[in-house]
Amino acid sequence: SERTFYHGHSYTANPLACAAAVASWKLLEENQSDFKNMEALHRKLFSSTLKGHRQLKQSRFCGTVFACEMITKESDSYFNQVSIEMKRRFIEKGVLIRPLGNTIYLMPPYCISEGELEFAYKCIAQVTEE
């Protein structure tokens, strides 16, 4: 159904999710400068790898998160089937990026290195070009 709340599992007090949240909070406290600079790093890497890419549109940044839409013949939605093929190709390249429909999200851990994040951006460029 199109009325499903897809993120409901995030709010059900799952013990594993809670432990991950506590660990993330500790990383945030230990790496505050990395966290505060993440959006600038996203913007820098986007400019050097994806800006102007003919298969991407609606790029956006918010703190540690980057997202963009892949242009396809299907409508922009979580039901766009391009996500199945993109996910498979990302895994083949060694990155775990799970598109939701034609929307590609990067939500890296706070401890990611610039080189690792750059690799993720380059993989997005390669997969969307393919």
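Arg60 and Glu69 are joined through their side chains in a salt bridge, with an N to O distance of 2.5 Å. The model is a predicted one, and it holds 11 salt bridges.

- Glu85 and Arg89 form a salt bridge between their side chains, at 2.6 Å from N to O.
- Both residues belong to helix H3, which spans residues 82–92.
- Their positions are 4 residues apart, or about one turn of the helix.
- Glu85 is partly exposed, its relative accessible area being 31%, and Arg89 is also partly exposed, at 23% relative accessibility.

**Network of salt bridges**

- Glu85 and Arg89 are also members of a network of salt bridges.

- In helix H4 (114–129), the side chains of Glu118 and Lys122 meet in a salt bridge with an N to O distance of 3.7 Å.
- Glu118 and Lys122 are separated by about one helical turn, because they are 4 residues apart in helix H4.
- The distance of 3.7 Å is within the 4 Å cut-off, so the pair counts as a salt bridge.
- Both side chains belong to partly exposed residues: the relative accessible area is 28% for Glu118 and 41% for Lys122.

- Met107 is located in the loop that runs between strand S3 (103–106) and helix H4 (114–129).
- Met107 counts as exposed because its relative accessibility of 61% is over the 50% limit.
- When neighbours within four places in sequence are left aside, Met107 is in contact with Thr64 and Val65.
- Between Met107 and Lys87, which are 20 residues apart along the chain, the separation of the C-alpha atoms is 15 Å.

Note on methods: Residues numbered from 1 in each chain as written. Predicted model: local features only at pLDDT ≥ 70, side-chain atom pairs only at ≥ 80, totals over all residues. Heavy atoms only, no water. Helix = DSSP H or I, 4+ residues; strand = E, 2+ residues; numbered from the N terminus. Buried < 20%, exposed > 50% of the residue type's maximum accessible area, 1.4 Å probe, protein only. Contact = heavy atoms within 4.5 Å.
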